[in-house]
Amino acid sequence: MGALLLAALTPALPASAAQAFPTGSPPGQALRDVVKPPQDDNEDRLSDPAVTPLGSFGGIRYVQYDGVFEGETSTGRFRVPYRISAPAEPHRSNGTALVEPSHFVVGLGMLNVYLRPDFLFRRGFVHAGIGWSTLGNRILDPSVPGTFIEGGFEEGGGRVDDEIITDFAKALADRSSGARPLVGKVHRQYGTGFSDSSYPLLRLVHSGDATGALDLVLPVTTEGFDPQADIAAGRYKGKVLIVNSEADDSTNLPDRGVAPKQYRFYVVAGSPHIPDPLDAPLDVPFPVRGSTPASFVPALRAHFLQGHEWVRKGSPPPTSTQLRTDGDGIVRDANGNAITEDRTGRIVPRLPFVELGEARYIAGFIGSYDNVRTVQQLGFSSHRAYLRAFTDALRDYQRARFILPEDARDMRRRAMLCPPSTFTETYRDHYPQFVAIEPCSAK
């Protein structure tokens, strides 16, 4: 999936990526041209950054630091942009840095599209974005002068050096790197990325370079790798937690039970590779607004926090899930929706609107849906009866730990916005109200 996207969009990137996919640099905030050079051939350092206030999140003031990370991996020298979002008072962080390699089109999409700043920052996380390739927005900010990567390997006309990511993660906790005044004491580093930006993380797991640099690796909508084999072989000592959509090729990823203390895999029935971000800043060239209400994002947010507690306290996340299959492929219910089971074969709850059969949810690169059914067609005597069933299904989904209470509240509110419309009908017929969570009668 990611390889096809890369091949399709790469020819247009050099001329248009920076304009079509802004990486969030504030107007007039150019990175400094003068960069502190490494003090010796083996020391990686962060330059003095430009500083931009981001506002307050849950009472914690955040700032954004834009600078250049420069040094040398085992294969060659590099000079790439970084972007760190951290509490203005570093002691107010929770001691955890989320390291994200930039996606070649969307940039820091885990921060800006899926997990979202408010979700991370009111909990005290530090987010640290890094350039790791010269292809498109993988460099993080293509406008920064003098960037280069000499090592790594060639891909799509650019240079790729995965080691930059782990070097950056280590630098965040290194007193000599220049990061300490920005992020304070970092006790844990997690690596996360989606689709294109997930692959370097799994390559680092495979090479062994992630050990000692990343305590948790969280790839999303990924495919083609088998981290369980790497864990079993002793190449990675941390934890891997993967969240996939139905559309991704998860053949190698279902939990085989070989590393229960280090590995979890989850897949969300009905969800596409790129879900509708609702109010997140994702547009061209992914016209996903109004595409489908089915999304892996609620599960991702829940599993991210479970992974965090797994690292901090050893509290295990829920049992891994997978889509039920037979010799002909995915097993589907009477409405055409995939059935989800845990690794033991026990059927587990799905998104409540999928569970109730409000439509057939079609997973793909960009999702869709058809055969939308009304309250009466679903067999309910009234919208109130429908809402009770929706609430029960949502409660089951929450008890299974596939959604956080805050996201469950929003989901239920959307189901009750526009009687007699169902959740899916409201998404289809009253999209602005659905996104804003405003009753249809509101002026």
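Q: What does buried mean here?
A: The term rests on relative accessible area, found with a 1.4 Å probe on protein chains only. Over 50% counts as exposed, and values in between as partly exposed. Buried means under 20%.

Q: Are tyrosine 397 and phenylalanine 402 buried or exposed?
A: This is a predicted model, in which local features need pLDDT of at least 70, side-chain atom pairs count only at pLDDT 80 or more, and totals for chains, interfaces and linings use all residues. Residues are numbered from 1 along each chain as its sequence is written, and side-chain values use heavy atoms, without hydrogens and water. Tyrosine 397 and phenylalanine 402 are both buried.

Q: How many aromatic pairs are there?
A: Rings of Phe, Tyr and Trp (its six-membered ring) pair if their centres lie within 6.5 Å; planes under 30 degrees apart are stacked, over 60 edge-to-face, and the rest tilted. By this rule the count is 21.

Q: Why is the pair of tyrosine 114 and phenylalanine 194 edge-to-face?
A: The ring centres of tyrosine 114 and phenylalanine 194 are 5.3 Å apart. The pair is edge-to-face because the planes stand at 85°.

Q: How many residues apart are tyrosine 114 and phenylalanine 194?
A: Tyrosine 114 is in helix α3 (residues 109-115) and phenylalanine 194 in strand β10 (residues 188-194). Helices (H or I, at least four residues) and strands (E, at least two) are DSSP runs, numbered from the N terminus. The pair links distant parts of the chain, 80 residues apart.

Q: Over which ring does the charged end of arginine 414 sit?
A: A charge sits over a ring if NZ of Lys or CZ of Arg is within 6 Å of the ring centre and within 35 degrees of the ring normal. The charged end of arginine 414 is 5.0 Å from the centre of the ring of phenylalanine 434.
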